[in-house]
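These are my notebook entries on one structure. I record what I looked up and the cut-offs behind each term.

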Amino acid sequence: LFVLFALTTGGQIYYEAGLYVTLLAAGAVAADGWLRERPARLRRLAVITAITTVVAALIILPILPAANVGWTYSTSAISGESIGWPQLVSTVRTAWVAIPARPRASAVIFTADYSEAAAINELGRGTGLPTAVSGQNTYWWWGPGNPRATTVLAVAPGPDDAGDYAAYLRQFFTSVRTVATLSNPDGIHNIEWGGHVYECTGPRQPWGQLWPRLRHYD
């Protein structure tokens, strides 16, 4: 099931994490009998378990310094994706305050990826940023923010993940201007690396009416 789901559908491997509780319980019964036959096996099992636990922890948990997680990124991108989030929020805030006060009063922050919206909403608390919205997956259901927005500050990952996002935005706005480029101080080429922040004005329809067209699942 793991091979079928993870390797053929491209799904995340942790989608099946709930099944491991049952598998571990079933395996424990067999392991108990195996250890009872030869108690000396317990030492070897403990060593193997310790080694695999350390390796898994280094790959999955935020233990290593950010600059040293590059080798884990191809195995598990989860820890590497959040690298550079503080800088992302700072970049977005700089772009946000650069919008003149009057259009900023009716502006929203829109992200191509739900993780960008989450980073802004969590790390940007108390910085004067509004709640960011995203059209990706179930984040779309939280809504468009101000449905009468006339200025949209759009945040998108790098071209490998978002493609030509400026061209995509021009379907919905008459003016799309790049105001910032995303990176991180550790040089980790995660999905944000090479992404951009765009100031979009002149919506071709009211923002609230555009919202259904911005939903995407990936």
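This is a predicted model: local features need pLDDT of at least 70, side-chain atom pairs count only at pLDDT 80 or more; totals for chains, interfaces and linings use all residues.

Entry 1, terms and source. I take helices (H or I, at least four residues) and strands (E, at least two) as DSSP runs, numbered from the N terminus. Residues are numbered from 1 along each chain as its sequence is written, and side-chain values use heavy atoms, with hydrogens and water left out.

I located T111 in strand β1. Is T111 buried or exposed? T111 is buried, because its relative accessible area is 0%; buried means under 20%, exposed over 50%, and partly exposed in between (1.4 Å probe, protein chains only). I then listed its contacts (heavy atoms within 4.5 Å). Leaving aside residues up to four places away in sequence, T111 touches E116, A117, I120, A132, V133, S134, G135 and V155. A polar atom of the T111 side chain lies 3.4 Å from the backbone nitrogen of A117.

I looked up which residues of helix α8 (residues 114-123) are buried, and found S115, E116, A117, A119, I120 and N121. These buried residues pack against α6 (85-98), β1 (107-111), β2 and β3.

I found Y139 in the loop between β2 (133-134) and β3 (151-156). Y139 counts as buried because its relative accessibility is 19%. Which residues does Y139 touch, not counting those up to four places away in sequence? They are Y114, A117, A118, N121, A132 and S134. Y139 and Y114 are 25 residues apart in sequence, and their C-alpha atoms are 6.3 Å apart in space. The side chain of Y139 also makes a polar contact with the side chain of N121 (3.0 Å). A polar contact is a pair of N or O atoms within 3.5 Å; within protein, one must be able to donate a hydrogen and the other to accept it, and residues adjacent in sequence count only if both atoms are side-chain atoms.

I noted a nonpolar patch on the surface formed by F2, V3, L19, Y20, L23 and L24, with about 600 Å² of accessible area together. Two or more residues of the patch come from each of α1 (2-8) and α2 (19-37), and α2 gives the most, with four residues. V3 lies in helix α1, and V3 counts as exposed because its relative accessibility is 51%. Patch residues have over 30% relative accessible area and no salt bridge, and nonpolar side chains (Val, Leu, Ile, Met, Phe, Trp, Tyr) are joined within 5 Å, like charges within 9 Å. A salt bridge is a side-chain nitrogen of Lys or Arg within 4 Å of a carboxyl oxygen of Asp or Glu.

Key:
Accessible areas come from the Shrake-Rupley method with a 1.4 Å probe; for residues, only the protein chains shown count as cover.
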